Amino acid sequence: MSSFLEINNISKAYSGSENDRFLVLKNLSFDVKQNEFLTIVGPSGCGKTTLLKLIAGFIKTDSGQILKKNKILNGSAPDRIMLFQDFEQLFPWKTVLENVLFPLRAKNILATKNERVTLAKKYLKDVYLENYLDFYPHQLSGGMKQRVALARALVIEPAILLMDEPFGSLDGQSRNYLQDMLLEIWKNYNRTIIFVTHDIREAIKLGDRIIVMENEPGRLKKIIVNKIKRPRQQVDQEFIELYNQIYALLK
Amino acid sequence: MKVKTYLKRIIWIVFIALIWEIIAKSAYFSPLIFPGLETIFKALYTELFSGELLKQIIFSLSLIIQGLIISLIIALLFSLLSLISKNFNSLLDTLIALAHPLPGIALMPLVLIWFGVGTASILFIIVHSVLWPLVLNLRTGFKAIPEIYKLVGKNYGLNSFEIMWYIMTPAAFPYFLAGLKIGWARAWRALISAEMLFGAAGSMGGLGWFIFKKRVFFDLPGVFAGIIVIVIIGILVEDLIFNKLEDMTVKKWGMQI
């Protein structure tokens, strides 16, 4: 497989006080393959979120480029949808169904309302929320909100999903449930997913490859190809070995 | 809970009416100055059914609705412009600092000279009373919108105008509604005082003018009839319209501020 998304020697600094420029990412390079599930793990402050925001096009790199199919990316576009850790990424004045319809309606995708509703319902079924169409976000749990956000992202069929610790604020049980659901969706729809987390187990469970980063400034430490067969169990010997390897890298 | 609140309120109103009636019946004051409830309600009844009072109510309400709509449009424009332009924002800050503390009544002599006696003057006073609190609320509302909503809009390929219309306007709605509530209360007060001072344009002068006229003829039951109407309209708008609107929107959305 050729490289689908190419991160080419990017650096990013935030200006702090006066001359103090804080370097967040330094000379970061890696490739992402099409339909790959890539996880990025690293300590807090290693620039994981900044990296996703750069790929999403919310902010600009100081140097280096991000290329998709050999074309330099400029600005944000619906081919790269970001999912946030924050539960409050849904619009509270819209129901679950209306939230998922929002990108379709706003961008005039599909001609009729019926077609749009059918599509939205299909993705809401994939996240097991077909019975909550008329609920408002404030009536949902955190995990359910994240599932709506996922359905909203999937509905416009983005090539790349950028996930910024979307399950980071959930309890263990919900997190497991959502991880399995995400893997199922990834298998069914052939999406490229870049998933940032600080949880080593999550990175191992989900990723085809795992990028380990270190901080101050944020840079690449190692790229690990995860050969463990799915479904991956935390008690498997291989899982534990990989865990220990990454744990040692992060120390 | 809600029924209980209403019940308590009714009990208190009955209690106050009772005291009123006792004082009136004691004849300590002349009935010309302190009329009994019976005469007051008789006056209310005849004025309502002669059509005179009803016409004035409609006149006043149509004025206030016009004033609110004008204020809304200007407030929305001002607060959106202040988001776009830093210079306009600082101009708006100055305008609010100057105009907001200024009671509408203080402008009346000036307005009389500029616009003369008539609806234009009353509208001016209403807009002045409503506009500034509304702008303040709307601006706060726009600033309080979580950054994440705008990022989501941007991510789905919306342009700045679409983000403003589809995301920022509904997201600021709770503040807008709060501003409208304050605006209504201020407009209602401004309207009645302006009507009293400006008087009638033709036969129409609104509720304020109605009360003022009754005083001139020393018709105190008529004055009280006007006051009761003002109170009732105030309660109806607060309890029915605004509470209903809140139930249908911010309460349903879990967005109360």
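## Lining of the largest cavity

In this predicted model, the largest cavity is lined by residues of chain A, namely A:Ile81, A:Met82, A:Leu83, A:Phe84, A:Gln89, A:Ala149 and A:Arg152, together with B:Val152, B:Asn155 and B:Tyr156 of chain B. The elements that contribute two or more residues to this lining are strand E6 (80–83) and helix H4 (142–154) of chain A, along with helix H7 (147–155) of chain B. Of these contributions, that of E6(A), with three residues, is the largest share.

Sorted by class, the lining of the largest cavity holds seven nonpolar residues, two polar residues and one charged residue.

## Cavities in the whole structure

When the whole structure is searched, three cavities of 30 Å³ or more are found. The largest cavity has a volume of about 40 Å³.

A:Glu36 lies in the loop that runs between strand E2 (21–33) and strand E3 (37–41) of chain A. Is A:Glu36 buried or exposed? With a relative accessible area of 5%, A:Glu36 counts as buried, because the cut-off for that term is under 20%.

The side chain of A:Glu36 is joined to the side chain of A:Arg209 by a polar contact of 2.4 Å. Leaving aside residues up to four places away in sequence, A:Glu36 touches A:Asp31, A:Trp186, A:Arg191, A:Thr192, A:Ile193, A:Asp208 and A:Arg209.

Notes
Residues numbered from 1 in each chain as written. Chains lettered and ligands numbered in written order. Predicted model: local features only at pLDDT ≥ 70, side-chain atom pairs only at ≥ 80, totals over all residues. Heavy atoms only, no water. 1 Å grid on protein atoms, 1.4 Å probe; cavity = no way out; pocket = protein on both sides within 12 Å on 5 of 7 lines; lining within 4 Å. Points joined across faces, edges and corners; volume = space filled by probe spheres on them. Helix = DSSP H or I, 4+ residues; strand = E, 2+ residues; numbered from the N terminus. Nonpolar A, V, L, I, M, F, W, Y, C, P; charged D, E, K, R; others polar. Buried < 20%, exposed > 50% of the residue type's maximum accessible area, 1.4 Å probe, protein only. Polar contact = N/O pair within 3.5 Å; in protein donor to acceptor, adjacent residues only side chain to side chain. Contact = heavy atoms within 4.5 Å.
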